Amino acid sequence: MSGRAGFVYDRRLTEHVYRADHPLKPERLRDVHETLSRLGAFDRAGAALLAPREATRAEIERIHAPDYVKAVRQASADPDLGFERWGLHPHGDTPPFAGMHEASLLTTGATLVAMEEVMRGALRVAVNYSGGLHHAMRARASGFCVYNDPAIVCGVLADRGMRVAYVDIDAHHGDGVQAAFYDTDQVLTISLHEDGRYLFPGTGFAHERGTGSGAGYSVNVALPPYTDDQAYVRAFDAVVPPLLERYRPDVLVTQQGIDPHFADPLTHLAISTLTREHCVSWFAATPHPWVAMGGGGYDLDAVRRTWSLEYLVMLGAPVPDELRDADPPVATGARRREIDAAVDVAIRGALGAAFA
Ligand SMILES: [Zn+2]
């Protein structure tokens, strides 16, 4: 099913700089917006450009500790004071920078706007490609993430009594979202990611399945390095559709980081636009209200093409070939057999640990 699709955009979402040499470049979203504009996407029936708002303190504190929010606000005003105990390291993954609190409030509020427009029935789906900051923990910044907008949105929806299915297809484990809902069955988290033995944050194994009433509602598909399109699609199809059918969510929330792309410099997965067209078409074909986010993505041309393609799929619009990868890698020989065997293990592990 396709239909009205919202795209949250404001130049202010693209202007903050973590550090000159930092791989996460919010400016990448400008290229996505420009490409979609050039292709006439926003002129199509069903397209809706949405303006972000700042998240409120209460919304941020649905997930984050008040002391942490206070520290981020201080770091934002005076980044040199020293905030290492909150996960903010000047030379580390998540450096404090001037204006970080305000930039993070806007990024988070952008996801909340997407959620609000979908939940009031105005749109079939809405996407905030500046969001998806899934590593932030309750009282600690981590992995380029300050405020965890996917967890905040899932929490707000759960507080309204909804059953939330969260599907994370970033190359990295969605550890912060998993941690926020580890002990509840009200949010089902499914993360497909590169095996934590080879990639940050080093978690996301099948045995991390939740506790108490949440047992079986944290699902992890740990994929081997070099996982290509055919292996990834097989894993996605084996896990995501059957578990969502079993869970019967009221709403679907997705994190669509594009760092599993074969050109990405930070990870070792090897998917192409083909996989993303498959996954996003599947999300679009579900009957659920759908809130989507971006996430990682460090090869800027892969980000530009893939996220543009995904939004066209959300609109039900044709995808021009210029957005697709011309020649995706396909594993052969011994590597093919190794990948396929490891993916079999990942699928069995995830399904074996999932709720019955
Ligand atoms: Zn990532």
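Let me start with a term: a residue counts as exposed when its relative accessible area is over 50%, and as buried when that area is under 20%. Keep those cut-offs in mind. One caution as well: this is a predicted model.

So, Arg248. Its relative accessible area is 64%, so Arg248 is exposed. Where does Arg248 sit? In the loop between H7 and strand E7, residues 251-255. The backbone there deserves a look. Arg248 is not a glycine, yet its phi is positive, near 55 degrees.

Tyr226 is another case. Its phi is positive too, about 75 degrees, and Tyr226 is not a glycine either. You will find Tyr226 in the loop between E6 and helix H7, which covers 229-247.

As background, most residues other than glycine have a negative phi, and most peptide bonds are trans. Phe200 and Pro201 are joined by a cis peptide bond, with omega about 0 degrees. Pro201 belongs to the loop between strand E5, residues 187-194, and strand E6, residues 218-223.

Now the metal. Which residues coordinate the zinc ion? Asp170 and Asp259 do, each through OD, and His172 does through ND1. The distances run from 1.9 to 2.1 Å. Along the chain, the donors follow the spacing D-x1-H-x86-D. How accessible are they? Asp170 has 2% relative accessibility, so Asp170 counts as buried. His172 has 7%, so His172 counts as buried as well.

Next, the core. The largest nonpolar core holds 114 residues. Which members touch the most other members? Phe7, Ile190, Leu192, Val253, Trp290, Tyr311 and Met314. Take Tyr311.

On to helix packing. Two packed helices are described by the angle between their axes and the distance between the axes. Here the pair is H3, residues 66-77, and H4, residues 100-119. Their axes come within 7 Å and cross at roughly 125 degrees. That angle makes H3 oblique to H4. Which residues meet? From H3, Val69, Val72, Arg73, Ala75 and Ser76; from H4, Met100, His101 and Glu102. By type, the residues of this contact divide into four nonpolar, two polar and two charged.

Val156 first. Val156 is in helix H5, residues 149-159. At 16% relative accessibility, Val156 counts as buried, because the cut-off is under 20%. What does Val156 contact beyond its neighbours within four places in sequence? Arg62, Leu112 and Met115. Compare sequence and space for Val156 and Val167: eleven residues apart along the chain, 17 Å apart from C-alpha to C-alpha.

Then His288. His288 lies in the loop between helix H8, 273-285, and strand E8, 290-293. Leaving out neighbours within four places in sequence, His288 is in contact with Arg124, Pro249, Val251 and Leu252.

Notes:
Residues are numbered from 1 along each chain as its sequence is written. This is a predicted model: local features need pLDDT of at least 70, side-chain atom pairs count only at pLDDT 80 or more; totals for chains, interfaces and linings use all residues. Side-chain values use heavy atoms; hydrogens and water are left out. A nonpolar core is a set of buried Ala, Val, Leu, Ile, Met, Phe, Trp, Tyr and Cys residues joined through side-chain atoms within 4.5 Å. Buried means under 20% relative accessible area, exposed over 50%, partly exposed in between (1.4 Å probe, protein chains only). Donors are N, O and S atoms within 2.8 Å of the metal (3.2 Å for Na, K and Ca); water is not among the atoms, so sites may look incomplete. Axes are lines fitted to C-alpha atoms, for helices over the stretch in contact, and angles run from 0 to 180 degrees between N-to-C directions. Helices (H or I, at least four residues) and strands (E, at least two) are DSSP runs, numbered from the N terminus. Angles under 35 degrees count as roughly parallel, over 145 as roughly antiparallel, 65 to 115 as roughly perpendicular and the rest as oblique. Contact means heavy atoms within 4.5 Å. Ala, Val, Leu, Ile, Met, Phe, Trp, Tyr, Cys and Pro count as nonpolar, Asp, Glu, Lys and Arg as charged, and the others, Gly among them, as polar.
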